[in-house]
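Here are my notes on this model. Please read them alongside the coordinates.

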Amino acid sequence: MASDTNGLRLLDQMLLGYPELSWMQAEINERQAWMRLAMSHECGWVGEYIGGFANFGWEVYDSGSGVLALRAVDASGAPILFDKTRGNTARPSVGIDRAGRVLQLFPGSTLLEEDGSDLTVPNDGVWYTLLCEYHLTKLEPGTLNFTAGSTTVTGVGTQFTRYAQGSEPGEPTLLRVDATDTVQGNEGTYTIATITNDTTLTLTAAPSSTETGIDFRVRGRFAAGVPADPDARWNATVKWSLVARTVTRPTTALVAYDVRRSSGTVTVIDRRHANIWRPIDGRTRGWALVPHNYYS
């Protein structure tokens, strides 16, 4: 899940108050930070290993049974951390598509198809090309861990401090767990009471069952009647797909790898330079070329 988002879903009868306006301001700041990154690179992948920086950046690997996943390491084997602040020396694990949109990659996670399922290479000995595309979802970044009877919630990869807690001057954010997001019957709307940090908050009422890895959404507040589709935000993410490899280079998405699974063994070939425009190494395309007003 990408941490950059794409704005509110303006639904009929939805109330716009302090929490929504506060979130929109945070969204503007987030977009500005990502914009300077997109402006400094051509279409292609950023953060791939170049020159003497073996395995510097991110790579795709078989996490087991043909399920593809991402990992990021530098030449020493240490994880690469990236933020959007000026002066950061680590190369980000991201791509820039033809429309100038940032495709942020989260190492340590499996690749997901559009329906949210793990991307699995067919065990048929056929070569496939792995593609990555910009995608929108109503799911929020990260997942929730519930404990039955406890109002304390722990998040993994979450951004709780961007939400409104249950104190003045605004109404608290409402988190919604859809029936498709839970296997333990924890569907429903939960009101935030307090927020400790990006990965810890408390609710006004405890969930019924213990469960980990729960996807969730933000539900809107409405003047009269809650619609059947009450989720109030779009979030930017990426969609992965496999297409049979041909001699014609795909142009509808960023090319990542060629992969094949034969007799249970996955083989991968790095094809990140196979896009329409070859990406420029961050060391040779200086950050100083970005207009100063795009630095946050």
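1. What share of the contacts in the protein chain with a separation of 6 or more comes from residues 24 or more positions apart? Such residues account for 70%. Contact here means heavy atoms within 4.5 Å.

2. Ground rules. This is a predicted model: local features need pLDDT of at least 70, side-chain atom pairs count only at pLDDT 80 or more, and totals for chains, interfaces and linings use all residues. Residues are numbered from 1 along each chain as its sequence is written, and side-chain values use heavy atoms, with hydrogens and water left out.

3. Overall make-up. The protein chain has 17 strands and one helix. These are DSSP runs, numbered from the N terminus (helices: H or I, at least four residues; strands: E, at least two). Of its 296 residues, 46% count as buried, meaning under 20% relative accessible area with a 1.4 Å probe, protein chains only.

4. Thr129. This residue sits in strand β7, residues 128–137. Thr129 is buried, at a relative accessible area of 4%. Its side chain makes a polar contact with the side chain of Asp258, at 2.8 Å. A polar contact is a pair of N or O atoms within 3.5 Å; within protein, one must be able to donate a hydrogen and the other to accept it, and residues adjacent in sequence count only if both atoms are side-chain atoms.

5. Ile192. Strand β11, residues 188–197, holds Ile192. Ile192 is buried, with a relative accessible area of 1%. Thr204 is twelve residues from Ile192 in sequence and 6.2 Å away, C-alpha to C-alpha. Beyond four places in sequence, Ile192 touches residues including Tyr163, Pro172, Leu203 and Thr204.

Definitions and conventions:
Buried < 20%, exposed > 50% of the residue type's maximum accessible area, 1.4 Å probe, protein only.
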